[in-house]
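Hi,

Here is the structure I promised to pass on. Have a look at it first, and then read my notes below.

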Amino acid sequence: MKKGFLRKPIFAVALGSTLAFAAGYALAAQPHMQAALKALRNANADLQEAIPDKAGHRVKAMQLVTDAIAEVQAGIAAGQ
């Protein structure tokens, strides 16, 4: 048996395992979705502290941000 005969299949398995792990990590980590969630939570906190008298626009914005937070969380869950 040649010396390099077993090295190619072992390398292929190792490479495949590494790529599968990296792909799984990329799906699980979702850095852009996590960043969006953080930004929305910050926006929600800022809206809570804003002066209330905005002709209803502040209240509407808070509801839209709350809805967006729920959608991003659902997207993160779906991607895992």
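**What I found**

The buried residues of H3 pack against H2. Keep in mind that this is a predicted model.

Let's start with the overall picture. Of its 80 residues, 14% are buried. It exposes about 6400 Å², with carbon and sulfur atoms supplying 67% of that. If you take the contacts between residues at least 6 apart in sequence, 64% of them join residues at least 24 apart.

Now for helix H3, which covers residues 57-78. Its 22 residues reach 31 Å from the first C-alpha to the last, close to the 32 Å expected at 1.5 Å a residue. Which of its residues are buried? They are Arg58, Met62, Val65, Ile69, Val72 and Ile76. Seen down the axis of H3, these buried residues fall within an arc of 85°, so they line one face of the helix. There's a handy rule behind such patterns: an α-helix has 3.6 residues a turn, so residues three or four places apart point the same way. On the other side of H3 you'll find Val59, Lys60, Glu71, Ala77 and Ala78, which are exposed.

Over in helix H2 (residues 31-49), take a look at Met33. Leaving aside neighbours within four places in sequence, Met33 is in contact with Val72, Gly75 and Ile76. Met33 and Gly75 are 42 residues apart in sequence, yet their C-alphas are 8.0 Å apart in space.

Cheers

Technical notes: Residues are numbered from 1 along each chain as its sequence is written. This is a predicted model: local features need pLDDT of at least 70, side-chain atom pairs count only at pLDDT 80 or more; totals for chains, interfaces and linings use all residues. Side-chain values use heavy atoms; hydrogens and water are left out. Buried means under 20% relative accessible area, exposed over 50%, partly exposed in between (1.4 Å probe, protein chains only). Contact means heavy atoms within 4.5 Å. Accessible areas come from the Shrake-Rupley method with a 1.4 Å probe; for residues, only the protein chains shown count as cover. Helices (H or I, at least four residues) and strands (E, at least two) are DSSP runs, numbered from the N terminus. The expected span of a helix is 1.5 Å times one less than its number of residues. The arc is that of the directions from the helix axis to the C-beta atoms.
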